[in-house]
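This report describes one protein chain, from its overall make-up down to single residues. Please keep the structure open while reading.

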Amino acid sequence: MSSGRERRSGACRDGIVGDYDGDGKSDVLWYAPGTGSDFIWWGASRTAFGPGNQATRTIDGSYAVTSGDFDGNNVNEIYFYRYG
């Protein structure tokens with residue numbers, strides 16, 4: 001798993017990298033705790049993200065987030081864990 005940070009609309013987001021759609025290209029989930037919008041950038045090639053290849057979702061809550069192939073199907077899943 002790789003990660004990074006991105007700032008959009010005043011919120012700092014963590015970038016969680018994985019192949020979430022199983023196409024062999026890296027995708028990035030940009031997640032910020034709370035109720036704001038979160039984004040998935042779908043990889044368009046080995047070095048770039050294509051225009052329009054973004055999905056916007058709202059993941060309400062504050063979680064620790066990681067990515068991995070947790071079920072052995074050769075596709076990364078996103079794992080959200082709430083402390084406590």
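The text below covers the fold, the nonpolar core, the aromatic pairs, a surface patch and one backbone angle.

**Overall make-up**

The model is a predicted one. Its protein chain contains 7 strands and 0 helices, so that the order of elements from the N terminus reads β-β-β-β-β-β-β. The chain has 84 residues, and 30% of them count as buried. Its accessible surface is about 5,200 Å², with 49% of that area belonging to carbon and sulfur atoms. Among contacts between residues at least 6 apart in sequence, 27% join residues at least 24 apart.

**Nonpolar core**

In soluble globular proteins, nonpolar side chains tend to be buried together. Here the largest nonpolar core has 7 residues: Ile16, Tyr20, Leu29, Tyr31, Ile40, Ile59 and Val65. One of these, valine 65, is in contact with Ile16, Leu29, Tyr31, Ile78, Tyr79 and Phe80, when neighbours within four places in sequence are left aside. Another member of the core, tyrosine 31, has a relative accessibility of 2% and is therefore buried, the cut-off being under 20%.

**Aromatic pairs**

How many aromatic pairs does a search of the whole structure find? The search gives 5. One of them joins tyrosine 31 and phenylalanine 80, in an edge-to-face arrangement. This pair links distant parts of the chain, since tyrosine 31 belongs to strand 3 (residues 27–31) and phenylalanine 80 to strand 7, 49 residues apart. Tyrosine 81 and tyrosine 83 form a further pair, which is edge-to-face because the planes of the rings stand at 90 degrees, and over 60 degrees counts as such. The two pairs are listed here.

| Pair | Centre to centre | Angle between planes |
|---|---|---|
| Tyr31 and Phe80 | 5.9 Å | 70 degrees |
| Tyr81 and Tyr83 | 5.4 Å | 90 degrees |

Ring pairs also link Tyr31, Tyr63 and Phe80 into a cluster.

Phenylalanine 80 is partly exposed, with a relative accessible area of 29%. Not counting residues up to four places away in sequence, phenylalanine 80 touches Leu29, Tyr31, Ile59, Tyr63, Ala64 and Val65. Of these, Leu29, Tyr31, Ile59 and Val65 are also members of the largest nonpolar core. The C-alpha atom of phenylalanine 80 is 10.0 Å from that of glycine 61, and the two residues are 19 apart along the chain.

**Surface patch**

Which residues form a nonpolar patch on the surface? They are Phe70, Tyr79, Tyr81 and Tyr83, and together they have about 500 Å² of accessible area. Tyrosine 81 is partly exposed, at 38% relative accessibility. Tyrosine 83 is found in the segment after strand 7 (77–81). Its relative accessible area is 65%, and tyrosine 83 is therefore exposed, as that term applies over 50%.

**A positive phi**

Most residues other than glycine have a negative phi. Asparagine 74 has a positive value instead, with phi near 65 degrees. This residue is in the loop between strand 6 (64–68) and strand 7. Is asparagine 74 buried or exposed? With a relative accessible area of 69%, asparagine 74 is exposed.

Terms used
Residues are numbered from 1 along each chain as its sequence is written. This is a predicted model: local features need pLDDT of at least 70, side-chain atom pairs count only at pLDDT 80 or more; totals for chains, interfaces and linings use all residues. Side-chain values use heavy atoms; hydrogens and water are left out. Patches are made of residues with over 30% relative accessible area and no salt bridge: like charges are joined within 9 Å, nonpolar side chains (Val, Leu, Ile, Met, Phe, Trp, Tyr) within 5 Å. Accessible areas come from the Shrake-Rupley method with a 1.4 Å probe; for residues, only the protein chains shown count as cover. A salt bridge is a side-chain nitrogen of Lys or Arg within 4 Å of a carboxyl oxygen of Asp or Glu. Helices (H or I, at least four residues) and strands (E, at least two) are DSSP runs, numbered from the N terminus. Buried means under 20% relative accessible area, exposed over 50%, partly exposed in between (1.4 Å probe, protein chains only). A nonpolar core is a set of buried Ala, Val, Leu, Ile, Met, Phe, Trp, Tyr and Cys residues joined through side-chain atoms within 4.5 Å. Contact means heavy atoms within 4.5 Å. Rings of Phe, Tyr and Trp (its six-membered ring) pair if their centres lie within 6.5 Å; planes under 30 degrees apart count as stacked, over 60 as edge-to-face and the rest as tilted.
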